[in-house]
Amino acid sequence: AVLRSADARQQKSAWGRCEAGRAQAELGDYGAAERSFAEARRGQPWLVQGMEIYSTVLWLLKKETALSHLAHELLEMDR
């Protein structure tokens, strides 16, 4: 509901995409959640907020390579 009340620019922002991904994951739509989080990371690759949910989504989808890549990128940013 909060995301729908945000303007289009906010919805398309990394924050908006992460919030959408969080909601999609909570609803069990892991494919859509993965796409939302990936889009957020493309826009802001330094983003760490919400990555615990993104990593869980990747694990649930059995996308081990993508999960490993995400973990590597996040560790490189901040050990």
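**View A. Buried residues along helix α4 of a predicted model**. Ala32, Ala33, Glu34, Ser36, Phe37, Ala38, Ala40 and Arg41 are the buried ones in α4, with buried meaning under 20% relative accessible area (1.4 Å probe, protein chains only). Helices here are DSSP runs of H or I, at least four residues long, numbered from the N terminus. The cover over these α4 residues includes α3, α5 and α6 (64-77).

**View B. The Phe37–Tyr54 stack**. Phe37 and Tyr54 sit 5.3 Å centre to centre, with 20° between the planes. Phe37 belongs to helix α4 and Tyr54 to helix α5, so the pair ties together parts 17 residues apart in sequence. Both Phe37 and Tyr54 are buried.

**View C. Around Tyr54**. Skipping neighbours within four places in sequence, Tyr54 is in contact (heavy atoms within 4.5 Å) with Glu34, Phe37, Ala38, Arg41 and Leu70.

**View D. The largest nonpolar core**. Among its 14 residues, Cys18, Phe37, Leu47, Met51 and Tyr54 touch the most other members. Such a core is a set of buried Ala, Val, Leu, Ile, Met, Phe, Trp, Tyr and Cys residues joined through side-chain atoms within 4.5 Å. At least two residues each come from α3 (14-26), α4 (30-43) and α5 (51-60), and α5 gives the most, with 5 residues.

**Notes.** Residues are numbered from 1 along each chain as its sequence is written, and side-chain values use heavy atoms, leaving out hydrogens and water. In this predicted model, local features need pLDDT of at least 70 and side-chain atom pairs count only at pLDDT 80 or more, while totals for chains, interfaces and linings use all residues.

Definitions and conventions: Buried < 20%, exposed > 50% of the residue type's maximum accessible area, 1.4 Å probe, protein only. Phe/Tyr/Trp six-rings, centres within 6.5 Å; stacked < 30°, edge-to-face > 60°.
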